[in-house]
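The following exercises ask how two chains meet. Please look over the sequence and the structure first, and then work through each task.

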Number of protein chains: 2
Amino acid sequence: MTVAGVGEFGLIDRVTARLTHGGSCLLGPGDDGAVVAAPDRRVVASTDVLVEGRHFRRDWSGAADVGHRAAAANLADIAAMGATPTALLVALCLPADLDTAWAEGLADGLGAEAATVGASVVGGDMSASPTLTIAVTALGDLGGRAPVVRSGARPGDVVALAGRTGWAAAGLTVLSRGFRTPRLLVEAYRRPEVPYAAGPHAARLGATAMIDISDGLLADLGHVAKASGVGVDVHRDAFEVPRQMRDAAQALGVDPYSWILAGGDDHALAATFPRSAALPAEWRPIGRVVEGEGVTVDGAAYDGPAGWDHFR
Amino acid sequence: MTVAGVGEFGLIDRVTARLTHGGSCLLGPGDDGAVVAAPDRRVVASTDVLVEGRHFRRDWSGAADVGHRAAAANLADIAAMGATPTALLVALCLPADLDTAWAEGLADGLGAEAATVGASVVGGDMSASPTLTIAVTALGDLGGRAPVVRSGARPGDVVALAGRTGWAAAGLTVLSRGFRTPRLLVEAYRRPEVPYAAGPHAARLGATAMIDISDGLLADLGHVAKASGVGVDVHRDAFEVPRQMRDAAQALGVDPYSWILAGGDDHALAATFPRSAALPAEWRPIGRVVEGEGVTVDGAAYDGPAGWDHFR
């Protein structure tokens with residue numbers, strides 16, 4: 001059955017029937033607006049849009065995979081502010097001939113990813129469109145903490161990473177060369193493993209700046225450097241190339257550090273901490289904030305590929 | 001200059017430079033998430049998406065017009081919950097060859113419409129896409145009031161309308177027939193005049209149910225009837241056909257009541273109130289909640305065109 005066949009309201013009924021609601025959802029889908037708990041009296045909000053052919057391909061990712069990825073991209077933004085995600089709203093633009101099962105699978109993925117942090121899909125909108133497009137807005141609660149912004153890094157701060165980088169980029173390279181394995185890399189691209197809890201933890205540990213790694217580690221640290229008026233130096237030997245990644249890089253003729261340093265889509269979190277902060281294992285030091293501007297690797301400009309620009 | 005020419009970050013800089021921020025915006029664009037005041041400890045959230053060719057045409061509406069309309073559609077949803085809008089987040093999907101001036105004009109329209117209620121654009125995302133698409137999420141604050149949902153209408157309640165219906169539909173018919181006048185109708189389509197304040201007012205007046213009229217008066221009252229398990233009877237003589245609309249209807253060979261009763265896009269608000277409520281002039285009685293189901297006009301089924309289904 002196509003989405004045109006069941007119609008707008010039929011599809012909304014089918015999709016919302018699949019959703020379950022977290023404790024922050026005070027009023028879910030079906031009215032003009034949802035009502036979400038905001039105990040902190042401030043709400044953190046972030047929007048990310050995925051466009052077919054640009055951010056995902058239906059032959060590379062299943063519907064539920066795309067749902068996981070769309071949710072993860074937004075939930076990671078909330079975590080990167082030091083907040084706990086509470087809710088997602090989803091605007092779906094679907095080709096009229098799309099099978100409803102795809103939309104239902106997408107909803108399952110969105111809901112399952114949100115559930116990993118106790119959040120849920122509380123509302124949304126649907127329209128037909130020639131271009132399959134998924135715009136997600138995530139909301140979150142700061143729990144009394146100050147938001148951790150990009151502009152607070154100070155020279156001398158430690159740069160640390162929670163989560164992994166390069167895996168999704170490696171998986172994407174594998175898929176773009178026409179392969180389906182190694183599965184570990186492909187799955188890392190399809191469903192990023194985001195260290196959501198590390199965001200609020202970093203806020204409690206006194207992080208001075210934080211960002212979600214979506215454009216690539218160096219590009220995103222560049223945003224922190226620019227916003228903070230500092231430089232960032234990344235230590236290359238802080239990154240060990242995992243065996244599966246090294247083998248794939250060799251087979252595909254790619255420098256694995258281009259995945260690790262410039263590949264996006266893993267949604268790791270990078271943060272800066274005062275030198276005195278006692279970092280738990282979840283936050284691995286990878287560099288230092290320095291006087292100056294821009295991002296260097298071991299003190300020198302990085303000559304690999306840069307990050308991602310969605311219009312180029 | 002095209003959006004591809006200035007690139008993603010260049011365009012984000014250009015657009016965000018045009019935005020001003022309302023008092024509820026605690027942290028605006030430029031970080032992983034925005035921070036918005038939520039003094040009520042609950043936040044109302046709603047998402048609506050506009051797709052070029054389906055919800056708007058660039059030859060029928062200017063960029064700022066589309067911004068006004070996109071903002072209005074979402075702000076009206078917040079008002080229809082009885083809440084006061086605080087913030088918008090905007091996901092923009094733009095063809096790479098679009099002129100940046102269009103995106104800037106859109107931002108101006110979004111910001112200007114939000115400013116009419118003291119809200120502002122606090123964040124968003126951009127991507128290239130073959131299909132120009134605008135997904136807006138609006139947030140709002142309930143100010144201690146209970147949300148006014150669709151399911152609270154009770155037999156005997158008065159059905160009342162704030163704002164006007166049929167004007168936008170008339171303007172759209174005018175444009176679709178290749179005309180540009182009467183300007184009053186065309187402008188009503190391009191920039192709906194939404195009675196935002198009537199939403200929170202209705203909550204304070206004891207409204208039992210409320211909805212934003214976006215699919216058409218009868219279709220949206222049908223949503224209230226279904227959610228509440230009641231019928232709604234609309235009194236046709238509660239609607240006087242304005243002269244400009246009557247003249248245009250005659251010239252175009254259209255029944256003006258099909259605009260008034262079934263046309264969407266004016267974003268009027270419809271609410272139900274206990275018979276005892278003392279309604280101010282802003283809330284005009286147009287019918288009655290009855291036992292049963294569905295929507296009738298003067299006790300009989302309406303045989304004009306039905307409301308809008310975005311997949312058909």
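In this predicted model, residues are in contact when heavy atoms of theirs lie within 4.5 Å.

**Exercise 1.** Find how many residues the contact takes from chain A and from chain B, and state how chain A is superposed on chain B.

*Solution.* Begin with the count: the contact takes 67 residues from chain A and 67 residues from chain B. Next comes the superposition, in which a rotation of 180 degrees, with 0.0 Å of shift along its axis, brings chain A onto chain B at an RMSD of 0.0 Å. That is the relation of a two-fold axis, and in chain A the C-alpha nearest this axis belongs to A:Arg41, 2.4 Å away from it. The same surface serves both copies, since 100% of the contact residues of chain A recur in chain B.

**Exercise 2.** Describe the area buried between chain A and chain B, and the salt bridges between them.

*Solution.* The size of an interface is often given as the accessible area lost when the parts come together. Here chain A and chain B bury about 5,200 Å² between them, with 57% of it on carbon and sulfur atoms. The salt bridges between the two chains number 4, and B:Asp32 forms a salt bridge with A:Arg150, where the closest N and O atoms are 2.5 Å apart.

**Exercise 3.** Which strand of chain B pairs with β3(A), and in what sense?

*Solution.* The partner is strand β2 (residues 34-37) of chain B, which pairs with β3(A) in the antiparallel sense over 4 bridges. Within this pairing, A:Arg42 stands opposite B:Ala37 in β2(B).

Technical notes:
Residues are numbered from 1 along each chain as its sequence is written. Chains are lettered from A and ligands numbered from 1 in the order in which they are written. This is a predicted model: local features need pLDDT of at least 70, side-chain atom pairs count only at pLDDT 80 or more; totals for chains, interfaces and linings use all residues. Side-chain values use heavy atoms; hydrogens and water are left out. Copies are superposed by least squares on the C-alpha atoms of residues with pLDDT of at least 70 in both. Buried area is the accessible area (1.4 Å probe) that two parts lose on being put together, summed over both. A salt bridge is a side-chain nitrogen of Lys or Arg within 4 Å of a carboxyl oxygen of Asp or Glu. Two strands pair if DSSP finds at least two bridges between them. Helices (H or I, at least four residues) and strands (E, at least two) are DSSP runs, numbered from the N terminus.
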